[in-house]
Amino acid sequence: MNVANTTDDKPLAHKRVPVSKPPFELSDLKKAIPPHCWKRSLVRSFAAVFRDFIIIGALYYLADTFIPMLPKPLAYVAWPVYWFFQGAYLMGLWVIGHECGHHGFSEYPWLNDTIGFIVHSLILTPYFGFKYSHRTHHANTNSIEYDEVWIPKRKSDKLYSEILNNPTGAFLVFVFKIVLGFPLYFVFNLYGRKYEKGITSHFYPYSPIFNDSERFQIFLTDLGVFATCYAVYRAAAIMGTQWVINIYGMPILFMSGFFILLTYLHHTHPSIPHYDSTEWDWLRGALATVDRNFGFLNHAFHDVTRTHTVHHLFPTIPHYHTFEAREAVKPILGEYYKYDDTPILEAIWRETKDCIFIEADEVNGEKKGIYWFHK
């Protein structure tokens, strides 16, 4: 496992990354990346979309055709297997929509937004709402005041620092995140930045998340998700509710769980800092993310799992070039690069029980604006 550190008395996975000003600039990293990595290919981008739709269609065909023929004991096993893999490849499709929001799909903004709007609407994600809140996340990564998502709890939050600060509480919080985190984030901005005024929702055009020029697109987003919901309703009326739950509903639930898992693990780790306004700067914030290894699921997720750091540094690089870009900048990043290949189930449990709240370290009796996870 390749993990950077500054303190030798902590377990390897908990070794802290440096928080001093890096000895390199963003321009140094950009120069190290091969020129072709910046090129967005319509052929390769559409090939990724077609790959996802072909696999999703094949999984649907196999499940709808053969699982109903199985004896009930085998069907009870086959359906969850289908839900898991279909959810994983729906997450891959979600990744394509996310890439469109960064204009990494093609050179044409209208095409990026068209493809992103379609694929995200099909999987109940508010494309434009997420695009704009995600923009704020990239602009303020790991700022405890201005980041848009996964804002850590403070020690003063007694619910987390005392009541839930135990294995049972950690497990209940994890299950809640996985099952309900996706809809609650988009509908009520759970785990998101707290705004002083207004209804904070990715579906509300007048939410403080957005500016006036973006509100019509949020309305379009609502129509796209509503159209998908209506299509699901009509399918249930024709094919039956149980059929819709098995074929579409449960895979969407698994996809939403994968979404929470990926975003949580990329931004939650015992070794990465968060900063307040006295210490935060863009480059150190972008570097305070973690690359993970999801094993065979890397394929389903277009390998964004192992290239999240370079994505935060250069979000317009398409996913099929990010691995090469990562390898190009790693020698420059050195100990500022964080990769943790701890098995995912083990990492989930470790981060859930060890990353409860953040607190600043004391230096010469004073607390600085650099915060670390504690339990």
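1. A cavity here is a set of points on a 1 Å grid over the protein atoms alone where a 1.4 Å probe fits but cannot get out. Grid points are joined across faces, edges and corners, and a volume is the space filled by probe spheres set on the points. The largest cavity of this structure has a volume of about 420 Å³.

2. Some notes on the source. This is a predicted model, in which local features need pLDDT of at least 70 and side-chain atom pairs count only at pLDDT 80 or more, while totals for chains, interfaces and linings use all residues. Residues are numbered from 1 along each chain as its sequence is written, and side-chain values use heavy atoms, with hydrogens and water left out.

3. The search of the whole structure gives two cavities of 30 Å³ or more. The largest is lined by 29 residues, and Trp-94, His-98, His-134, Thr-263 and His-308 are the closest to its centre; a lining residue has an atom within 4 Å of a point. Helices H3 (72-101), H5 (127-139), H9, H12 (308-313) and H13 (319-333) each give two or more residues to this lining. H9 gives the most, with six residues. Helices (H or I, at least four residues) and strands (E, at least two) are DSSP runs, numbered from the N terminus.

4. By class, the lining of the largest cavity has 15 nonpolar, 12 polar and two charged residues. Ala, Val, Leu, Ile, Met, Phe, Trp, Tyr, Cys and Pro count as nonpolar, Asp, Glu, Lys and Arg as charged, and the others, Gly among them, as polar.

5. The second largest cavity holds about 50 Å³ of space. Its lining consists of Val-17, Pro-18, Pro-273, Tyr-275, Arg-284, Leu-287, Ala-288 and Tyr-336. By class these are seven nonpolar, no polar and one charged.

6. The largest pocket has a volume of about 570 Å³. A pocket is an open set of points with protein on both sides within 12 Å along at least five of seven lines. Of its 28 lining residues, Ile-151, Pro-152, Lys-153, Tyr-160 and Tyr-191 lie nearest the centre. Helix H7 (167-188) and H9 each supply two or more residues to this lining, and H7 gives the most, with four. The class count for the pocket is 17 nonpolar, four polar and seven charged residues.

7. H9 (residues 241-267) also packs against H8 (residues 215-239), at an angle of about 130° and with the axes 7 Å apart. Axes are lines fitted to C-alpha atoms, for helices over the stretch in contact, and angles run from 0 to 180 degrees between N-to-C directions. H8 is therefore oblique to H9: angles under 35 degrees count as roughly parallel, over 145 as roughly antiparallel, 65 to 115 as roughly perpendicular and the rest as oblique. The contact (heavy atoms within 4.5 Å) involves Thr-228, Val-232, Ala-235, Ala-236 and Met-239 of H8 and Thr-241, Trp-243, Val-244 and Tyr-248 of H9. It has seven nonpolar, two polar and no charged residues.

8. An open sheet of three strands runs in the order E1-E5-E4, with antiparallel pairing. Two strands pair if DSSP finds at least two bridges between them. E1 (274-275) and E4 (357-363) are the edge strands, each pairing on one side only.

9. E4 is joined to E5 (residues 366-374) by six bridges. In that pairing Phe-357 stands opposite His-374, and Ile-358 has Phe-373 as its bridge partner. E1 and E5 pair over two bridges, with His-274 partnered by Tyr-371 of E5.
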